[in-house]
Amino acid sequence: MGEEVKLFRTWSSRFALRIVWALKIKGIEYETVFEDLSNKSPLLLQYNPVHKKVPILVHNGRPIAESLVILEYIDETWKQAPLLPEDPYERAMARFWAKFGDDKVLTSIWSVFIKQGKEQEEALVAAMENLKFLEEEMKGKKFFGGERIGYVDLALGCLANLISVFEETIGLKIVDEEKLPLFYSWMQNFAEAPIIRDNWPPRDKMLVKFQALLDAAIASSSSS
């Protein structure tokens, strides 16, 4: 049966990357539709009228929004190379850590990136506390999913690239190999896995993008 699979995304969306990786791991052919969020297409607004953002997966004409929801849909629709564990408790824990990544880890690291001076120092302490939980979770594992990449790895995966982009932009070490050896090793293992490595956005464009975002954040805080 022929299936139509489309992914609406931007070139740099960390949330859309989760879906790219999942589809690649599953071996699903799909069409990419790149969006300009400053000039959203009628299709994007039609398919995601609630949030009006990417990613959106369209499967046989039916749209699914929100990246973690899409990941679960992909895993339930295409059974090969499962992303979530079979055990109900382990599945619940995977969802917990994915949500923790979005709610706590990403937001605290973003604060380190955009803050200055004492506020940045405080943000770094908060980020380290969150990363220590992930360090504990990595004990005895190569990936959060065990010996192969799974749901939590995809949910947290953007960190394996974004943290180094942030570090280079602000000139500050966020993840220290000595303090977080297991998490640091995960970042390396994940970033270098062929399916992951081959689908990173261009680093030079990422550096330009985040330098511009940092400059805007600094200018905004200076004028307020």
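# Reading a predicted model, feature by feature

Reader: Arg62 is exposed, with a relative accessible area of 58%. How are the words buried and exposed to be read?

Author: Buried stands for under 20% relative accessible area, exposed for over 50%, and partly exposed for what lies in between (1.4 Å probe, protein chains only). This is a predicted model, in which local features need pLDDT of at least 70 and side-chain atom pairs count only at pLDDT 80 or more, while totals for chains, interfaces and linings use all residues. Residues are numbered from 1 along each chain as its sequence is written, and side-chain values use heavy atoms, with hydrogens and water left out.

Reader: Where does Arg62 lie, and what is it in contact with?

Author: Arg62 belongs to strand S4; strands (E, at least two residues) and helices (H or I, at least four) are DSSP runs numbered from the N terminus. Setting aside neighbours within four places in sequence, Arg62 has contacts (heavy atoms within 4.5 Å) with Leu57 and Tyr73. From the C-alpha atom of Arg62 to that of Asp153 the separation is 26 Å, and the two are 91 residues apart along the chain.

Reader: How many salt bridges are there?

Author: A salt bridge here is a side-chain nitrogen of Lys or Arg within 4 Å of a carboxyl oxygen of Asp or Glu. By this rule there are 14 salt bridges. One of them joins Asp75 and Lys26, at 2.7 Å from N to O. This pair ties together distant parts of the chain, with Asp75 in helix H3 (residues 67-77) and Lys26 in helix H1 (residues 14-26), 49 residues apart.

Reader: Are Asp75 and Lys26 buried or exposed?

Author: Asp75 counts as buried at 8% relative accessibility, and Lys26 is buried with 4%.

Reader: Which residues are linked in a network of salt bridges?

Author: One such network links Glu192, Arg197 and Asp198.

Reader: What is phi for Asn60 and Ala81?

Author: Asn60 has a positive phi, near 50 degrees, and is not a glycine. Asn60 occupies the loop between S3 and strand S4 (62-65) and is partly exposed at 38% relative accessible area. Ala81 also is not a glycine, and its phi is positive at about 45 degrees. Ala81 is in the loop between H3 and helix H4 (88-114) and counts as partly exposed at 30%.

Reader: How many residues are in the largest nonpolar core?

Author: A nonpolar core is a set of buried Ala, Val, Leu, Ile, Met, Phe, Trp, Tyr and Cys residues joined through side-chain atoms within 4.5 Å. The largest has 62 residues, and those with the most contacts inside it include Ile109, Leu134 and Trp186. H4 gives the largest share of this core, 9 residues. Apart from this core lies another, of 7 residues, among them Val33, Val54, Ile56 and Val58.

Reader: Which residues does Ile109 touch?

Author: Not counting residues up to four places away in sequence, Ile109 touches Ala127, Leu131, Leu159, Ile163, Phe166 and Ile174.

Reader: How do helices H7 and H8 cross?

Author: Axes are lines fitted to C-alpha atoms, for helices over the stretch in contact, and angles run from 0 to 180 degrees between N-to-C directions. The axes of H7 (residues 159-170) and H8 (residues 181-192) come within 9 Å and cross at roughly 110 degrees. H7 and H8 are therefore roughly perpendicular (65 to 115 degrees; under 35 is roughly parallel, over 145 roughly antiparallel, the rest oblique).

Reader: Which residues meet there?

Author: From H7 come Leu159, Ala160 and Ile163, which meet Phe183, Met187, Phe190 and Ala191 of H8. By class, this contact has 7 nonpolar, no polar and no charged residues. Nonpolar covers Ala, Val, Leu, Ile, Met, Phe, Trp, Tyr, Cys and Pro; charged covers Asp, Glu, Lys and Arg; the others, Gly among them, are polar.
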